[in-house]
Amino acid sequence: MKILLMSEIQMKTGLFGGPSEKRALILNINHLEDMNYFKAGQFISWSLLHGGNGLLYMSSQLWDLLTEKETTTEGDISEIPDAEAVVNLEKLKNADEHQYKDVCQELGDWATNCGCPELEEGRIEDKSLSLRHLIRYYLYYRVKPAIDQFVAGMDNVGDLFSNTIKKNPAAAFRGVMCATTKITAAEFKSLYRIDWSPEGSAKYYDKKTPYTH
């Protein structure tokens, strides 16, 4: 049931796009105004905290951006859920030193609208940086309102993103968000550091309850 729920969220709600094994958030104003990204975040946290799956597939680049991991690589163009952007980025990536200036002139207005005006200058030495900026734009900055709402939904159920995932992104990656195999109870418990109330108090048993389900 929980696996089916996660699959439905990623594949059939219109909240995610891109390759089936590397899903990324896409912006839909109707979904944003109806708080559907928030609801999806809530469902995912609820599933995880009750022993179910997280997102079955997620773009590893989006994960790095969500958890603020610094990267210097250009990135994987194929993870972008926008066909026109993929075509433009592939054209830019494959341009050699003789073609590069012409390609930059062709794509200059598009890149500027994506927050990457340096492309118009056509410097081959900036090619990798421009690709990285444009990939980040499509995976993260363009859909930031959806991302913020999605994360707020996750935090609405147990502060899962801020207190667990963001503080332990490497440990959380396999079991919490992007794995096809479940994380074990021991592994999930190891992501937390809990300050217990005195043993024997009512709050002590309340805090232990999540680990006993």
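Reply:

**Layout and aromatic pairs**

The chain's secondary structure amounts to twelve helices and two strands. Helices (H or I, at least four residues) and strands (E, at least two) are DSSP runs, numbered from the N terminus. The order along the sequence is α-β-β-α-α-α-α-α-α-α-α-α-α-α.

This is a predicted model: local features need pLDDT of at least 70, side-chain atom pairs count only at pLDDT 80 or more, and totals for chains, interfaces and linings use all residues. Residues are numbered from 1 along each chain as its sequence is written, and side-chain values use heavy atoms, with hydrogens and water left out.

Of the 213 residues in the chain, 42% are buried. Buried means under 20% relative accessible area, exposed over 50%, partly exposed in between (1.4 Å probe, protein chains only).

Now the core. The largest nonpolar core has 47 residues. Such a core is a set of buried Ala, Val, Leu, Ile, Met, Phe, Trp, Tyr and Cys residues joined through side-chain atoms within 4.5 Å. Those with the most contacts inside this core are Leu89, Leu92, Trp110, Leu134, Ile147 and Phe150. Elements giving two or more residues to this core include strand E2 (24-25), helix H3 (36-49), H6 and helix H8 (144-155).

Next, the rings. The structure holds four aromatic pairs. Rings of Phe, Tyr and Trp (its six-membered ring) pair if their centres lie within 6.5 Å; planes under 30 degrees apart count as stacked, over 60 as edge-to-face and the rest as tilted.

Phe16 and Phe150 make an edge-to-face pair, 6.1 Å centre to centre with 85° between the planes. This pair links distant parts of the chain: Phe16 is in strand E1 (residues 16-17), Phe150 is in helix H8, and they are 134 residues apart. Phe16 has a relative accessible area of 4%, so Phe16 is buried. Phe150 is buried too, at 1%.

Trp110 and Tyr138 are stacked, at 6.2 Å centre to centre and 20° between the planes. Because Trp110 lies in helix H6 and Tyr138 in helix H7, the pair ties together parts 28 residues apart in sequence. Trp110 is buried, with a relative accessible area of 14%. For Tyr138 the value is 7%, so Tyr138 is buried. Trp110, Tyr137 and Tyr138 form one aromatic cluster.

Leu107 is also in helix H6 (residues 100-113). Its relative accessibility is 3%, so Leu107 counts as buried. Beyond neighbours within four places in sequence, Leu107 is in contact (heavy atoms within 4.5 Å) with Asn88, Leu92 and Leu119.
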